[in-house]
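Open the model in your viewer and keep the selection tool ready. The tour goes stop by stop.

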Amino acid sequence: MSGTATIAAVTRFGEPLELLEVERPAPEPGALVVEMDCATICGSDVHHWEGEYAEVFGTEPPLCSGHEGVGRVIEIGAGAELDSIGQPLALGDRVVWEHAPCGQCYECRVLHDPVLCTNRTTGLWRKTTEFPHIAATFGTHSYVWPKAGRLRVPEGVRSDWASGASCAMRTVVAGIEKLGGVEPTETVVIQGVGPLGLFAVALMSLRSPRRIIAIGAPDDRLEVARRWGATETISIADHPSQEARREAVQELTGGRGADIVCEFAGVPGAVGETFDLAARGGRCLVIGTAAGPPQPIVAHQITLKQLTVHGSFSGRIDHYWKSFQLMKRYADRFDWDLVLSGRYRLDQITEALESMKRGAEIKPVILTQELGQAGS
């Protein structure tokens, strides 16, 4: 099948994305071509748009953009008739997919962790001028690489939910796994109440710790955190300094600090505050900080408190599957719509990114098949 697709491209960092009409390729063996059902915006997409990843990953425009989305299969390459857990794929099926690891490096073969693969093919860092041109999710169509894990979206999980979970929730699932068990006697602090932090509150509440303290702003997000299981919340508007937030946590924990501190904020100073909020013998999970300038930390806190620190980035295809199972099973307990916010046409994507940057959105939904009329 031949044709064209419209994609939203980063042609200059920090400037409005451009809609480009590009060739839509036929799939290689093992690949899929999908028509996008919808996409959602992650904080990483804002960092990508502003060029914060350029130095880390060596990327320069023109670049494809977007990495959360659900597509409907319109072409199936030879040998791609099953998803990654053996479910048959047919035309019209909804799928999510991950970046494609090389499968031939130390990280892939010895560590068995494709997320650590330095040779991964990543859609939003792919140039629009290179095959397959439709590598990311901000567009009418996208491409599932031959080696990329892919998963059929189950009935009972809406496409906008699945899109939002395809980065944020699966990242949280992967990170919480690294922490190991959560005891009913433990206090958990969640730093940040964006999509990562809110999903973390929900998943932590399923483990029934003694208390869950969510730190962040604005108040409407803290309200979602309370509805999803936070026993206490600390507003950064009311507690603007690290010292004030530490004192608030100390007061709630009888002076000990938190047994588990999870950093989902991704703002300067957040990681140093993670160690500051932790109790002696505590465990720390750092996820939110994946780019930006170096951050100061008080290193001896790690030593003297004997902290265990886990870094976690992204997730594997099994974490996508677990996310969807959780979404489906607990849809009556958690209103997943609360993490979704405004809806935008594909030609309004810069407006959505700007709104996300201002903190006015939790997770905007991009209606990838909708374009406004000229002048609208």
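Helices (H or I, at least four residues) and strands (E, at least two) are DSSP runs, numbered from the N terminus. This is a predicted model: local features need pLDDT of at least 70, side-chain atom pairs count only at pLDDT 80 or more, and totals for chains, interfaces and linings use all residues. Residues are numbered from 1 along each chain as its sequence is written, and side-chain values use heavy atoms, with hydrogens and water left out.

**Stop 1: a surface patch**

Select leucine 111. It sits in the loop between α3 (106-109) and β6 (141-144). Leucine 111 is partly exposed, at 42% relative accessible area. Here buried means under 20% relative accessible area, exposed over 50%, and partly exposed in between (1.4 Å probe, protein chains only).

**Stop 2: strand β3**

Go to methionine 36 in strand β3 (residues 32-40). Methionine 36 is buried, with a relative accessible area of 1%.

Next, pick aspartate 37 and arginine 72. They form a salt bridge, with the closest N and O atoms 3.4 Å apart. Arginine 72 lies in strand β4 (residues 68-76) and aspartate 37 in strand β3, so the pair ties together parts 35 residues apart in sequence. A salt bridge is a side-chain nitrogen of Lys or Arg within 4 Å of a carboxyl oxygen of Asp or Glu. By this rule the count comes to 17 salt bridges.

**Stop 3: helices α7 and α8**

Which residue pairs with arginine 245 in a salt bridge? Select glutamate 273: the closest N and O atoms are 2.7 Å apart. Arginine 245 lies in helix α7 and glutamate 273 in helix α8, so the pair ties together parts 28 residues apart in sequence. Arginine 245 is buried at 11% relative accessible area. Glutamate 273 is buried too, at 6%.

**Last stop: a network**

Select Arg158, Asp160, Asp337 and Arg343. A network of salt bridges links them.
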